[in-house]
Amino acid sequence: MHIDEKVVDHIAHLARLEFSGEGKKAIQIDMERIITFMDKLSEVDTTGVEPLIFMSDEVNVLREDIAVDSLTHEEALKNAPKRDSDYFRIPKVLSKGNF
Amino acid sequence: MENTREKYEVVIGLEVHAQMLTKTKAYSNDVNEFGAHPNTNVSVVSLGHPGTLPVMNKKTIENAIKLGLACHSNIASNQYFARKNYFYPDLPKGYQITQDKTPICTGGHLVVKDDLGNYKNVGITRIHMEEDAGKSIHDVDVYDTLVDLNRAGVPLLEIVSEPDIRSSQEAYNYVAEVRKLVRYLDICDGNMEEGSLRCDANISVRLVGTIEFGTKVEVKNMNSIRNVQRAIEFEITRQIEVVENGGEVSQETRGFDALKGITISMRSKEAANDYRYFPEPDLQPLFVDQPQIDAIKNDMPALPRELYLKYTEEFGLSEYDATNLVDNKYIALYFEDVLLHTKQIKTAANLLMGEVKSYLNQQAVEITEFPLKPNVIAELVNLIEAGKVSYSIASSKVFPALFEFTDKSVLEVATILNVIQDSDEDSIANYVKQVIESNTTEVQRYVAGEKQLVGFLMGQLMKVSQGKADPKQANPMLRKILDELS
């Protein structure tokens, strides 16, 4: 698969990363290499093979609906780059857009 | 405009998100509770700390199955979860754990009233389990957005309808029905103002007779059922205007501004979202078998639709009474309890919808806080039916007194109030005699042909007897005597 600049821009946007100039060229080459490498897998004939999603046979790993004391308010906010006494603070985002 | 409007058919599908009434979150055991101090109901899982793993809350599956059964849906036996990837500050993991390919419920329907008051089925496409995001507050601080992650990981049920809804009123009725259902099932408190029940609407219009759908617009931010209706109504008018003016409706997401009563474009869908769904490897698959579904089914409470049909078809109550009784789960439960102690269904319904409801309205309390027990109301109903008190005396005199004489039986209270109905033939004959003697003018006019005066004379009789004469006996006796005079 060919990775062009448009694909790089799209993936970069989804990952909230910015590339320009040399950096963009480099990541484009890297991505193309990765995709080509992964393409190797499609050479295997998988007709009639069910997709494998889970590595174990376990099902219904569940817990009861019982609350357990977890983090304190102070612990929760401790590692935030910016905070006040109540909230995590982040640079202003205006519109949530469409989720 | 009305004629223009009739040329178009409106097509609406609704997505309802219901926050589940669980004690803990969907995939972690921190507390699920509305209104707590910001960032106190959190855990390393809901904060998305690296290396933490989700564990599924058993209760959420039961809730989803209950709702699916109530909607006549198919329950999927094999399920797995998916990651829906997007970046937003109130989603710390960078993805939402949801069900994509294998929703727990598919198909089914809800019965909803259309604009003419007829019942119709609105199809359910799917119901799936997922988690809520945290809350971003944009309008408090000038420079920063504030993030509260108490809501992150709260379990949600997303209920997606088929595009079967044809008007804003039907949409209103549908959401009201969903809310009633989740409240009956005790799986969500249905509070739209607090956001525990949320609704997005997909709306399009097409010329009547067209097979293809028009371009749909998604409308969000409607925080009451009334606003769902207002937003849709605005949107229908807007879209028809666009089409009538030769334009094309653009596919987009719009938000509802409740103050202005209008929808505003939020973001065009042209740059379509790319959520890159893939199976969630951290949660093992679910397997639901028939015995488990049966057990949940056996444990389900009576549902509003079933009660409605029982009240109208079996009990012969009017549609109006039945609708009002089942509208609130606790009123219906109270009514059911009253019926354990009396067979007089109609009188019980009247008393409940009349006096009891107006008491609740006046005191602004819920039926769950109503001081009189169902058996007391049943006693009053039985007293009316035994002819001991008239309905009007029961409601105007005995009922209010029951709140004061809490240690007395209803019969004792009626006796203390001296309102036990007089059914004694001799004393009724005596009242009739008094009325005829003291209203000679009216009696003569009656005899002369003004038959409607019997109402007046009957009123006089009730007055003379201080409301105690049994009208069922007094009325025929009065008529008989009057007619003998004629």
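This is a predicted model: local features need pLDDT of at least 70, side-chain atom pairs count only at pLDDT 80 or more; totals for chains, interfaces and linings use all residues.
**A nonpolar patch on chain A**

Leu41(A) sits in the loop between α2 (21-39) and β1 (62-63) of chain A. Leu41(A) also belongs to a nonpolar patch on the surface.

**Position 41 on chain B**

Now take Asn41(B). This residue lies in the loop between β1 (8-19) and β2 (56-57) of chain B. Asn41(B) counts as buried, because its relative accessibility is 9% and buried means under 20%. What does Asn41(B) touch, not counting residues up to four places away in sequence? Its contacts are Lys25(B), Asp30(B), Val31(B), Glu33(B), Ala36(B), Leu149(B) and Asn150(B).

Asn39(B) is found in the loop between β1 and β2 of chain B too. Asn39(B) is buried, with a relative accessible area of 0%. Look at its backbone as well. Most residues other than glycine have a negative phi. Asn39(B) is not a glycine, yet its phi is positive, at about 55°.

Asp186(B) is another residue other than glycine with a positive phi, near 60°. Asp186(B) lies in the loop between α3 (168-184) and β13 (197-207) of chain B. Asp186(B) counts as partly exposed, at 45% relative accessibility.

**Salt bridges**

Side chains of opposite charge can pair when their charged atoms come close. How many salt bridges does the structure hold over all chains? There are 37.

| Salt bridge | Closest N and O atoms |
|---|---|
| Lys7(B) with Glu244(B) | 3.0 Å |
| Asp132(B) with Arg151(B) | 3.5 Å |
| Glu437(B) with Lys433(B) | 3.8 Å |

Start with Lys7(B) and Glu244(B), which form a salt bridge. This pair links distant parts of the chain, 237 residues apart. Lys7(B) is in the loop between α1 (2-6) and β1 of chain B, while Glu244(B) is in helix α4 (residues 225-244). Lys7(B) counts as partly exposed, at 41% relative accessibility. Glu244(B) is partly exposed as well, with a relative accessible area of 35%.

Next come Asp132(B) and Arg151(B), also joined by a salt bridge. Asp132(B) lies in the loop between β9 (119-131) and β10 (135-137) of chain B, and Arg151(B) in the loop between β11 (144-148) and β12 (155-161), so the pair ties together parts that are 19 residues apart in sequence. Asp132(B) counts as buried, at 5% relative accessibility. Arg151(B) is partly exposed, with a relative accessible area of 25%.

In the last pair, Glu437(B) forms a salt bridge with Lys433(B). Both residues lie in helix α13 (residues 425-438) of chain B. They are four residues apart, about one turn of the helix. Glu437(B) is exposed, with a relative accessible area of 53%.

Salt bridges can also join into a network. Which residues are linked in one here? Lys82(A), Asp84(A), Arg89(A), Asp141(B) and Asp144(B) are.

**Domains of chain B**

The domain assignment of chain B gives domain 1 (2-291), domain 2 (302-391) and domain 3 (425-485). The C-alpha centres of domain 2 and domain 3 of chain B lie 34 Å apart.

Methods:
Residues are numbered from 1 along each chain as its sequence is written. Chains are lettered from A and ligands numbered from 1 in the order in which they are written. Side-chain values use heavy atoms; hydrogens and water are left out. Patches are made of residues with over 30% relative accessible area and no salt bridge: like charges are joined within 9 Å, nonpolar side chains (Val, Leu, Ile, Met, Phe, Trp, Tyr) within 5 Å. Accessible areas come from the Shrake-Rupley method with a 1.4 Å probe; for residues, only the protein chains shown count as cover. A salt bridge is a side-chain nitrogen of Lys or Arg within 4 Å of a carboxyl oxygen of Asp or Glu. Helices (H or I, at least four residues) and strands (E, at least two) are DSSP runs, numbered from the N terminus. Buried means under 20% relative accessible area, exposed over 50%, partly exposed in between (1.4 Å probe, protein chains only). Contact means heavy atoms within 4.5 Å. Domain bounds come from an automatic or database domain assignment.
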